[in-house]
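Please have a look at the sequence and the fold first.

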Amino acid sequence: MSHSNSIPIHSVSRSVSNSWVSSPPNSISNAPPSSSFSNSNQSPFSQPSRTGTGLLAAAAKQLKPFATQDIKVLLLENVNEAGQEILRAQGYQVEALKTSLGEGELCERIKDVHVIGIRSKTQLTAKVLGCAKNLIVIGCFCIGTNQVDLTYAARNGIAVFNSPFSNSRSVAELTIGEVIALARQLGDRSAELHSGAWNKVSKGCWEIRGKTLGIVGYGHIGNQLSVLAEAMGMSVLYFDVLPLMSMGTAKQTKSLDELLEKSDFVTLHVPELPETKKMIGKEQLAKMRTGSYLINNARGSVVDIPALIDAMRSGKIAGAAIDVYPNEPAGNGDYFTNQLDMWIEDLRSLKNLILTPHIGGSTEEAQSAIGVEVSNNLVTYVNEGATIGAVNMPEVNLRHLTLDQEHHVRVIFIHKNVPGVLRKVNEILGDHNVEKEMTDSRGDVAYLMADISDVNASEIKDLYVQLEDLSSRIRTRVLY
């Protein structure tokens, strides 16, 4: 681990782990300022709970890791304003940029931030994350997380959150639009007319009613697409590695080959995994119906694009729509050339081919929903330590502390998943009243949360130092 086994007390004031430093030196009973309990400042996840009789229970206590003005947030790639406002409302220092950053500049900018928010272009490699000395959480304001070294992040106590479902409808609608556009060759007719050529033809143009749509990956996007396609009169087949209940009259195929052989349109909605890399290549394209269509709104690695170029040139594939690519530019501009990939000029020369710049989830509705979901997860993790929804950490959560629990602290101990750790931790906590505790592990990393009552400021310091001294420690946080 990159952390030392102990940290001098005097160095704690700038460390994200040492939350107790902003409390009054002789008491923690009023550590959060009284104004922080007002409705305007309260976390959306810290609302009063309701009892079984419907009466309001004690109001939830808003936890803070340390003085809110010290929490630094860096948002890249034009994160939606709705998400930015949620973070700013917490009193965090938020810097938002419209672009991604290269490795060198990113390493410099990430050094002292506690929270970073990115979309799909920013690459948070082990090298970059190694420069982030205070980073505790990453927000991916998108579906995918392959741009983050998840293993390195977990092993260094950095949680990662994403938004796997918020743009499902946007991607499904784009796909159904592309099905119609390919069937009617709308891209070619529009380009011809823009250049001044009137070309009114019907040859090779079809209605989609009565045709078969094959969906590869029947998750949230595939489900919604299935409903839209059936509403337009299409038959739907789907293939997934799991047996899944169908929407409407859709039918699950036993194999990918069966779906390819029976579908007029094949659309891909799978994650980027070793198993999905080039899952559509020369062999699979050969099994598709002659004159069929391929749509990839999943990940750029899923389709062997040179093989697709050959299949379209031969007439085997009548049209295609591609929204994602193996390599994508870091920003907008004249970058979609052979300098990006050697086959791009050949790809651009094809007929009835819709090329879009990774805009599947780029709608106002989707970006707003993503901004709200991810930002709320970031706030909950920073303020309360809950990992529900994290993609690289065990999912651990405790019920809220309440306002009447004045002398309570929440200990979060992220540690190596090795034998004997819980015994040592419980020995440290054993002299205190542990009201609730939860722990879970995921691979090499384990996550423990415990709420302790009747603790004063000096005892918090002692707890912290003892936990930091454990050789299994990855990161210690104390919230009050």
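## A charged pair around R289

R289 is partly exposed, with a relative accessible area of 35%; here partly exposed sits between buried (under 20% relative accessible area) and exposed (over 50%), using a 1.4 Å probe and protein chains only. R289 forms a salt bridge with D264, and the closest N and O atoms are 2.8 Å apart. By salt bridge we mean a side-chain nitrogen of Lys or Arg within 4 Å of a carboxyl oxygen of Asp or Glu.

This pair links distant parts of the chain, 25 residues apart: D264 is in the loop between helix 8 (256-262) and strand 9 (265-268), while R289 is in the loop between helix 9 (282-287) and strand 10 (292-296). D264 counts as buried, at 18% relative accessibility.

## About the model

Keep in mind that this is a predicted model, in which local features need pLDDT of at least 70 and side-chain atom pairs count only at pLDDT 80 or more, while totals for chains, interfaces and linings use all residues. Residues are numbered from 1 along each chain as its sequence is written, and side-chain values use heavy atoms, with hydrogens and water left out.

## The overall picture

The protein has 14 helices and 16 strands; helices (H or I, at least four residues) and strands (E, at least two) are DSSP runs, numbered from the N terminus. Of the 480 residues in the protein, 50% are buried. The accessible surface comes to about 21,800 Å², and carbon and sulfur atoms hold 52% of it; such areas come from the Shrake-Rupley method with a 1.4 Å probe, and for residues only the protein chains shown count as cover.

Among contacts with a separation of 6 or more, 66% are between residues 24 or more positions apart, a contact being heavy atoms within 4.5 Å.

## More salt bridges

The count of salt bridges comes to 21. In one of them, the side chains of D112 and K72 meet at 3.0 Å, N to O. D112 is in the loop between helix 2 (103-109) and strand 3 (115-118), and K72 is in strand 1 (residues 72-75), 40 residues apart. D112 is partly exposed at 34% relative accessibility, and K72 is partly exposed with a relative accessible area of 24%.

R109 and E95 form another salt bridge, with 2.3 Å between the closest N and O atoms. R109 lies in helix 2 and E95 in strand 2 (residues 93-96), so the pair ties together parts that are 14 residues apart in sequence. Finally, E81, E85 and R88 are linked in a network of salt bridges.
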